[in-house]
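Dear colleague,

Please find the structure below, handed over for your study.

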Amino acid sequence: MLLREIKNIFHSELDVLYGKDEVSSFFYMLIEYYFNLERFVLAIQPELVIDKEQETIVFNALSELKLERPIQHIIGSCFFMDMDFKVNSHVLIPRPETEELVRWILEDNRKDELALTILDMGTGSGCIPISLSKHLPNSNIFALDISLDALEVANENNKTHGTKVEFFQADILNLNLNLNTKYDIIVSNPPYVRELEKEEMQKNVINHEPSIALFVPDEDPLKFYKAIVDFASKHLKNKGSLYLEINQYLGKEMIELLLKYEFHTIDLKQDMYGNERMLKGIIR
Ligand SMILES: C[S@@+](CC[C@H](N)C(=O)[O-])C[C@H]1O[C@@H](n2cnc3c(N)ncnc32)[C@H](O)[C@@H]1O
């Protein structure tokens, strides 16, 4: 079948669901991922034919897209900080906003030779500590998650990227870590979406991403942050920094929380969409 005919089928079946541009982007991602075909291939080879086996692969992907399965789950990977991360239904798909958080940490700690001790709390695919480790190769980086399935994915990504992050299982809400370790940096992107915000979310997120990674109860939306800020206030070195991705609607409450634990030089930062999404504080 002609590749351009398949592209037309993608548009006729999926445009109503995703819009034309997104469908084009899915189509090109798939042919690049599966067949190593660059996106300009149709411009230079409009009569390109793919074989039956290849047809089956793209049509399977089309069926999954109709069910609103995220494209990253279909191809099993996602780009983050110019690196390819394995993802599956046990981990949150790394978001561009989180990349901004990582870039902020790197801007503040630019020198490659720095040997920092860093902890990431609620690591998912391991995208935060692994990308930090690539840029700060002399640092000792630790990362925890409650989900063993997520840690398996994180460990695989660690291997793929040749990084030496130490992943371990722990519950943020019931931490019992070695009290002797002190960190220069603690970073976290914990669950922060209130149940009441579910309506704003796309169906493919709600149905396919792990709810343990996303949701918090309406009556206690800061429950993870309270535990993390309390832990950080005791386990950061003098002048150590806490970096958090936060719920855009709870910036004021988050600043109050950091002040309560005597963090100073608190900086609330907007993401690329103008939402107050990142927070940093320094401990005395
Ligand atoms: C919003 S996701 C962030 C994942 C990853 N850091 C990222 O930015 O893509 C939150 C992560 O926290 C983990 N998590 C949820 N509850 C937890 C708990 N009680 N203790 C530790 N980790 C938890 C989830 O498994 C999930 O991987």
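**Findings: sheet, helices, cores and ligand**

Serine 241 has isoleucine 282, in strand 11, as its bridge partner. The model is a predicted one, in which local features need pLDDT of at least 70 and side-chain atom pairs count only at pLDDT 80 or more, while totals for chains, interfaces and linings use all residues. Residues are numbered from 1 along each chain as its sequence is written.

To begin with the terms, helices (H or I, at least four residues) and strands (E, at least two) are DSSP runs, numbered from the N terminus. Two strands pair if DSSP finds at least two bridges between them.

The sheet is open and has 7 strands in the order 5-4-3-6-9-11-10, with mixed pairing. Its edge strands, each pairing on one side only, are strand 5 (166–169) and strand 10 (263–270). From one strand to the next, the twist averages 15°. (Axes are lines fitted to C-alpha atoms, for helices over the stretch in contact, and angles run from 0 to 180 degrees between N-to-C directions.)

Strand 4 (residues 140–145) and strand 5 run parallel and are joined by 4 bridges; alanine 143 has phenylalanine 167 of strand 5 as its bridge partner. Strand 9 is joined to strand 6 by 5 bridges, and these two run parallel. Tyrosine 183 has leucine 236 of strand 9 as its bridge partner. Strand 9 is also joined to strand 11 by 5 bridges, but this pair runs antiparallel.

Is strand 9 mostly covered or mostly uncovered? Strand 9 is mostly covered, as 7 of its 10 residues are buried. A residue is buried if 20 or more other C-beta atoms lie within 10 Å of its own, exposed if 12 or fewer, and partly exposed in between, with C-beta atoms placed from the backbone.

Helix 11 (residues 251–260) lies across strand 10 and strand 11, and runs at about 160° to strand 10. Helix 10 contains aspartate 230. Aspartate 230 is partly exposed because 14 other C-beta atoms lie within 10 Å. Between the C-alpha atoms of aspartate 230 and lysine 260 there are 9.6 Å in space, although the two are 30 residues apart in sequence.

The largest nonpolar core has 53 residues, of which Ile186, Ile228, Ala232 and Leu242 touch the most other members. Helix 10 supplies the largest share of this core, 6 residues. A nonpolar core is a set of buried Ala, Val, Leu, Ile, Met, Phe, Trp, Tyr and Cys residues joined through C-beta atoms within 7 Å. In soluble globular proteins, nonpolar side chains tend to be buried together.

Which residues are closest to the ligand? Among the 22 residues that surround the ligand, the closest are Gly122, Gly124, Ile146, Ile172 and Ala213. A residue belongs to this group if its C-beta atom, placed from the backbone, lies within 6 Å of the molecule. By class, the shell has 13 nonpolar, 7 polar and 2 charged residues. Here Ala, Val, Leu, Ile, Met, Phe, Trp, Tyr, Cys and Pro count as nonpolar, Asp, Glu, Lys and Arg as charged, and the others, Gly among them, as polar.

Finally, asparagine 174 is found in the loop between strand 5 and strand 6. Asparagine 174 counts as exposed because it has 8 C-beta neighbours inside 10 Å. The C-alpha atoms of asparagine 174 and serine 24 are separated by 45 Å, and the two residues are 150 apart along the chain.

Yours sincerely

How values were computed. Contact = placed C-beta atoms within 7 Å.
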